[in-house]
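Let us take a walk through this structure together, one feature after another.

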Amino acid sequence: MYSSKNVSKFFMSQKSKVISAGLVTPKTSDKYSKMIYLLPIPKDKITEFGFDISPAHAGNLINSIDFYVPKNTPVYAAASGTVIEVMNNSRSKGNTIDYWDKGNFLEIMHKDNESTCYEHFRYRGIKVKVGQKVKMGELVGFSGETGFTENPHLHFQVNQYLGKDDFVTVKACFSNFKDVYKIHHKQ
Ligand SMILES: [Zn+2]
């Protein structure tokens with residue numbers, strides 16, 4: 001069902017730069033979220049997914065998941081909440097950390113200081129605005145490959161905030177993808 005794509009060694013070698021440049025904080029967590037989320041993309045569009053197929057998944061971003069899906073795949077809110085951040089105007093992509101902040105990005109705040117983040121949307125692919133309330137399963141945009149990436153995919157992370165701008169990512173469970181941690185493919 002899931003094929004394995006190659007991420008270049010060069011791309012993975014950027015992990016040490018991600019850490020040394022302070023793009024992630026050293027805090028990590030091995031906790032699971034108490035929330036049960038909806039998978040934010042149609043399951044049948046996923047060709048590969050994993051936790052360790054990106055050099056960006058380090059430090060406090062360690063529990064991020066990448067879902068490889070074709071460009072223009074619909075992206076849905078994983079839970080109900082309020083949109084707190086949108087970046088929608090990037091057309092750039094590349095496999096060096098220079099592209100770290102060039103990925104079109106969405107963050108939705110839920111309850112209990114927990115948010116979901118979605119990245120690499122296509123140029124102007126996000127269809128919701130800051131301050132907008134969204135419902136679980138609502139269409140929020142269309143995927144792409146902007147930012148620090150080598151392949152079209154959706155980056156997904158669940159943040160638990162410890163303070164302002166201070167968070168760890170936690171493991172996400174999905175009502176419609178319960179075996180996500182069992183069929184994880186390693187490179
Ligand atoms: Zn990622």
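A cavity here is a set of points, on a 1 Å grid over the protein atoms alone, where a 1.4 Å probe fits but cannot get out, and a pocket is an open set with protein on both sides within 12 Å along at least five of seven lines; lining residues have an atom within 4 Å of a point. Grid points are joined across faces, edges and corners, and a volume is the space filled by probe spheres set on the points. Before going further, please note that this is a predicted model, in which local features need pLDDT of at least 70 and side-chain atom pairs count only at pLDDT 80 or more, while totals for chains, interfaces and linings use all residues. Residues are numbered from 1 along each chain as its sequence is written, and side-chain values use heavy atoms, with hydrogens and water left out.

The largest cavity has a volume of about 40 Å³. Among the residues that line it are Val7, Phe11, Asp66, Tyr68 and His153. Its lining holds four nonpolar, four polar and two charged residues; Ala, Val, Leu, Ile, Met, Phe, Trp, Tyr, Cys and Pro count as nonpolar, Asp, Glu, Lys and Arg as charged, and the others, Gly among them, as polar.

Asp66 also leads us to the metal. Which residues coordinate the zinc ion? They are His57 (NE2), Asp66 (OD) and His155 (ND1), at 2.0 to 2.1 Å. Donors are N, O and S atoms within 2.8 Å of the metal (3.2 Å for Na, K and Ca), and water is not among the atoms, so sites may look incomplete. Along the sequence, the zinc donors follow the spacing H-x8-D-x88-H. Asp66 in strand 3 (residues 65-68) and His155 in strand 12 (residues 154-163) are 89 residues apart, so this pair links distant parts of the chain. Strands (E, at least two residues) are DSSP runs, numbered from the N terminus. Asp66 is buried, with a relative accessible area of 1%, and His155 is buried as well, at 4%. Buried means under 20% relative accessible area, exposed over 50%, and partly exposed in between (1.4 Å probe, protein chains only).

Now look for the open spaces. The largest pocket holds about 640 Å³. Of its 29 lining residues, Leu61, Trp100, Phe105, Glu119 and Gln157 lie nearest its centre. Strand 12 gives the largest share of this lining, four residues.

Tyr32 is found in strand 1 (residues 32-37) and is partly exposed, at 45% relative accessibility. Its contacts (heavy atoms within 4.5 Å) are Val170, Lys171, Cys173 and Tyr181, not counting residues up to four places away in sequence.

Finally, turn to the nonpolar cores, each a set of buried Ala, Val, Leu, Ile, Met, Phe, Trp, Tyr and Cys residues joined through side-chain atoms within 4.5 Å. The largest has 31 residues, and Phe67, Leu106, Tyr118 and Phe174 have the most contacts inside it. A second, separate core of 11 residues includes Ala56, Ala58, Leu61 and Tyr68.
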